Amino acid sequence: MKIKSLIKILLTLTLVFGFSSAWAKNIKWSMAGDSLTLDPHAQNEGPTTQVSRQVYEALVTRALDMQIVPQLATKWKAVNPTTWYFFLREDVKFSDGTQMTSEDVVFSILRAKLPTSDFKEYISSISSVKAIDKYTVQIKTTEPNPILLNQLSNIFVMSKAWSDKNFSTAPQNWNASQETYASVNAMGTGPFKITLREPNTKTVFKKNSKWWGNVEHNLTSIELLPIANAATRVAALLSGEIDLVTDAPVQDLGRIGSSAGHKVVSTPQMRTIFLGMDQGADELRSGNTGDNPFKKKEVRQALYQAIDINAIQKKVMRGLSEPAGIITFPGVTGYTKDLDKRLAYDPEAAKKLLADAGYPNGFDVELRCPNDRYVNDEAICTAVVGMFGKIGVNVSLNSQTKSKHFKELKNKKGDFYMLGWGVPTLDSHYVFHYLYDTGASWNRVNFSDTRVDELIKVMEGEVDLEKRNAAIAEAWKIVKDDISYLPLHHQVISWASAKNVNVPIRPNNEPLFRFSSKN
């Protein structure tokens, strides 16, 4: 009798645990670099936002087709050109079970405007935000803002009570290497919650049972396992240790695609890769000329015309890139195909330009690049170093992890650097406001032009689309002619996964696991 009872118990346990494991759907996700921080307002960086968006939500968001749709707000209206009302969902709870109200939205927008926020440029036009009642928020702008919704789609809402309790009322000062509770913990209203955070090693997301939305995924958990080395990342995918890689190396796509258990999908990304040159310094930090050659347009043009972008596209990118003439991509308001044409590759013309500028023997300079952020970033930099050498410019390559690269760039180290820029608002204003506006946080080329500053103001406040588009076109013409940056290419992204994993690819390179499944 005892043996029968024991067998019955063992069978019951087997059925229970077998059933549970069959329904436990976990996706192991990898990319070259980790999120820089969990603080949703501290770093405006793609992989960081990818992680935040699984946990945090905004008033509005972009759907799978990239259209703006309601999220924490169900509807909104502009009562006059500078006053908006947002009406919140009344059934939203943070993952700790507390109710989300207008107080949290007001707190979060004001927090994102603080000096240590890397999102303050997004919402610089907001002059005030206040709670009208428990579920109504009023936002006022200094002038009419035709892209306010686009901007708000990236301002994540935090719990005021949680932030107060954990001394995180201001965004982490990431540039100063500050650590806060919010930089290593997260608590939002989204479909997942973070239960383990080991920076650069492992981040575990669990399904948020308190999420207000319609659950369309079948996942119980996600594990983010960053692997810097491309070969190791691919090996982990092919061996089954990893289910999804959102930055599959171009040189391995054929091998992955030929695997019976794997698949590859690619799409043009909303990101342009380029090189920046500090034109503000009187003398190069890494140079040998005693001055700053980058101040001279002839030098900038010489470097531009020394770049064989077709060779980079063919040999480094394996065809998965599109040569760029400006630092924004098709689909952005203000982009035109004529502007996107490059100057001709011409090493002899480049040498003459250098000689005319007073550098017949070239000069020395250091090029700083990330090695774990963009598709083949270090390989691209290695290629251009060789190309610059052919015109007499001796470039030493400083390649390092993105966390060091971006931090040193923001702290004004380096003369010459690689950067990639996505445009989550899909509007040229975002590019100008961050990269060309005088004194802007990412304007490390120190570009400054009174007319461009004026045109940026028009982009911010002009609701007449014809006048606004004319301002954007004029601004692009000025900066393209100035050659403040050296455009390289518009990036193409490739995701690789096990065949039983379905994660919709999007041009902003953000996986939305709430629409994902594992069979």
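How many residues does helix α16 have, and what distance does the helix reach from its first C-alpha to its last? Before selecting anything, note that this is a predicted model, in which local features need pLDDT of at least 70 and side-chain atom pairs count only at pLDDT 80 or more, while totals for chains, interfaces and linings use all residues. Residues are numbered from 1 along each chain as its sequence is written, and side-chain values use heavy atoms, with hydrogens and water left out.

Select residues 465-482, which form α16: this helix has 18 residues and reaches 26 Å, close to the 26 Å expected at 1.5 Å a residue, where the expected span is 1.5 Å times one less than the number of residues. Helices are DSSP runs of H or I with at least four residues, strands are runs of E with at least two, and both are numbered from the N terminus.

Next, colour Arg468, Ala471, Ile472, Ala475, Trp476 and Val479, the buried residues of α16; buried means under 20% relative accessible area, exposed over 50%, and partly exposed in between, with a 1.4 Å probe and protein chains only. These residues lie on the same side of α16, because they cover an arc of only 130 degrees around the axis, the arc being that of the directions from the helix axis to the C-beta atoms. On the face turned away from the buried side, look for the exposed Glu466, Lys467 and Lys477.

Then show α14 (428-435) and α15 (450-461), which are included in what covers the buried residues of α16, contact meaning heavy atoms within 4.5 Å. Finally, go just past the helix to Ile483, which takes a positive phi of about 55 degrees.
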